[in-house]
Structure formats: structure tokens, C-alpha cells
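Reader: Hi! Could you walk me through this one while I have it open?
Author: Happy to, let's take it piece by piece.

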Amino acid sequence: MLYSFRRCPYAMRARYVIALLRVSVHLREVILKSKPSALLALGGRSSVPQLVDVDGTRYPESLDIIFWALSQCDDQKKVNALWPSKGLQRNKTNAWIAYNDHFFKYWLDRYKYADRYPEYYQSYYRNKGEIFLNRLDARLKENTFLFGQKMSVADIAIFPFIRQFAGVDNEWFELSQYDNVKRWLALFVNSEVFKSVMMKYTAWEAGQDSIVFPAN
């Protein structure tokens, strides 16, 4: 059972991996202001995404869900392409995701909701976020994705947050110098997988059937 919120970047990256690997889950769309009692009854944090496996095991974080999906996929070649089994690339993958989640996300929130953080102008927060965009753009100068010509877990984990950053002021982003980032982001948002990930569902309520995701 996957509790999710369509626009949440954490939920988005979890759904993207699930859809890409064709791992079937029962999806329950959540309205954050009115969370279902079934989610609250799990106890502890009630953020999304959260996944409860058929054996009752709970996966309360998006990365937990991503690694669960990788473990459920029978196509080991595809799994290894997304998530290297060991070595330097795995360490680098973890480092890119950690930087996104703990540094970039901090400034993204302040850029997007600048009215909540009046200590500085919105442009200040954008400039801070651009530190990561510069790094990302340089990395993508020679490669289609972060680690070469094949998509990795790092790419999937990061792109929803770049999409959100771009959406704060789309005109500014389109006119910016980050051409490599724009090309990379377009590969995701124009993909058929992303279209399936962003399908709109009505909020789940007790007594309703869950949605089978991804759709066949």
C-alpha cells in the first residue's frame, strides 16, 4: 500500500522508480490537510510517501521505497544500471542525493515560499539554490545523465526538486544559462513514465478500492 501525494517531490521520485521498474503497488492518494485515518493509524510520522508491504513492513521514506522497488524487480540488469551494486559510483550516488536532500532542498523551500522567510529577498534564496544548479550543469556538460549515458537512482532522486525549483519562476529558468540542466530535466518531464507518475487521482477514502499503480 503506497500513500502518496501527487505533487510532493519525494513521492514523485518514489513513484517514478516504481513505474519505471513496473513494480505493482496499491496507490492511495492523500490530501495533506485531511490525511486518512488509515495513514494516521500507522503511528509515528504521517508524512508521505509511505509504503506498507504485504507482510506489514513499513517503509516511511522515499529512498526506503525506492530501494524496496529495486529489490522487487526481476530485471537485474535494469536494477544494476540504476543502482550500482558497490564501489565508487554508489558512494557518489549517495553523495549527490544527500546534497540535494540536505542542502538544495533547504534553499528550495525558502525560494518557493519566500514570503514565509522575510529575512532575505527571494533572489537571495534563488542564488543559494543556484550553487547546486551550477554544479549539476557542469556535471551534465559531457553526459546525458549524472554518471554517463544511462539514468541512475541519483538522477531520479534529484529531478523532482529541480522541476520544483524551475517552477517557482519558469520564465527565469527558461532564460537562465543552465542549458544542460534544462535538457536533462526535459528528458524526465517529457517521458511516458513521468506522464503515468503524474496522473491525477481522487483522494482515497476509507471503504474505497486503492488504485493499482502503475496502470497496465
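Reader: Great. Where is Arg22 found?
Author: Arg22 sits in the loop between α1 and β2 (25-29). Keep in mind that this is a predicted model.

Reader: Speaking of peptide bonds, which one is cis with omega near 5 degrees?
Author: That is the bond from Val48 to Pro49. Pro49 lies in the loop between α2 (37-40) and β3 (50-52). A cis peptide bond also joins Phe213 and Pro214, where omega is about -5 degrees. Pro214 belongs to the segment after β5 (211-213).

Reader: Nice. Now helices: how do α1 and α3 cross?
Author: Their axes come within 9 Å and cross at roughly 5 degrees, where α3 is the helix of residues 62-72. The two helices are therefore roughly parallel to each other.

Reader: Which residues of α1 and α3 meet?
Author: From α1 there are Tyr10, Arg13, Ala14, Val17, Ile18 and Leu21, and they meet Ser62, Leu63, Ile65, Ile66, Ala69 and Leu70 in α3. By class, the contact of α1 with α3 has ten nonpolar residues, one polar and one charged.

Reader: Ok, and at what angle do α6 and α9 pack?
Author: About 80 degrees, with the axes 7 Å apart; α6 covers residues 122-139 and α9 covers residues 179-189. That makes α6 roughly perpendicular to α9.

Reader: What do α6 and α9 each bring to where they meet?
Author: Leu133, Leu136 and Asp137 come from α6, while Asp179, Asn180, Val181 and Trp184 come from α9. The residues of this contact of α6 with α9 divide into four nonpolar, one polar and two charged.

Reader: Staying with α9, which residues are buried?
Author: Asn180, Val181, Lys182, Trp184, Leu185 and Phe188 are the buried residues of α9.

Reader: And what covers the buried residues of α9?
Author: The cover includes α1 (9-21), α6, α7 (153-168), α8 (170-175) and α10 (192-197).

Reader: Which residues does Arg126 touch?
Author: Not counting residues up to four places away in sequence, Arg126 touches Tyr111, Phe165, Asp169 and Trp172. As for distance, the C-alpha atoms of Arg126 and Ala166 are separated by 10 Å, and these two residues are 40 residues apart along the chain.

Reader: How about Val79, where is its place?
Author: Val79 is in helix α4 (residues 76-82). Val79 is buried, with a relative accessible area of 6%.

Reader: What is Val79 in contact with?
Author: Leaving aside its neighbours within four places in sequence, Val79 is in contact with Leu70 and Cys73.

Reader: Which elements give two or more residues to the lining of the largest pocket?
Author: Those are α1, α5 (88-112) and α7. Of the elements, α7 gives the most, with five residues.

Reader: And the lining of the largest pocket by class?
Author: It has 13 nonpolar, four polar and ten charged residues.

Reader: Last one: how many cavities of 30 Å³ or more are there?
Author: The count comes to one cavity. About 40 Å³ of space lies in the largest cavity.

Reader: What lines the largest cavity?
Author: Arg6, Arg15, Leu27, Glu29, Val197, Met199 and Tyr201 line the largest cavity. This lining of the largest cavity divides into four nonpolar, no polar and three charged residues.

Notes:
Residues numbered from 1 in each chain as written. Predicted model: local features only at pLDDT ≥ 70, side-chain atom pairs only at ≥ 80, totals over all residues. Heavy atoms only, no water. Axes fitted to C-alpha atoms, helices over the stretch in contact; angles between N-to-C directions. Helix = DSSP H or I, 4+ residues; strand = E, 2+ residues; numbered from the N terminus. Parallel < 35°, antiparallel > 145°, perpendicular 65-115°, else oblique. Contact = heavy atoms within 4.5 Å. Nonpolar A, V, L, I, M, F, W, Y, C, P; charged D, E, K, R; others polar. Buried < 20%, exposed > 50% of the residue type's maximum accessible area, 1.4 Å probe, protein only. 1 Å grid on protein atoms, 1.4 Å probe; cavity = no way out; pocket = protein on both sides within 12 Å on 5 of 7 lines; lining within 4 Å. Points joined across faces, edges and corners; volume = space filled by probe spheres on them.
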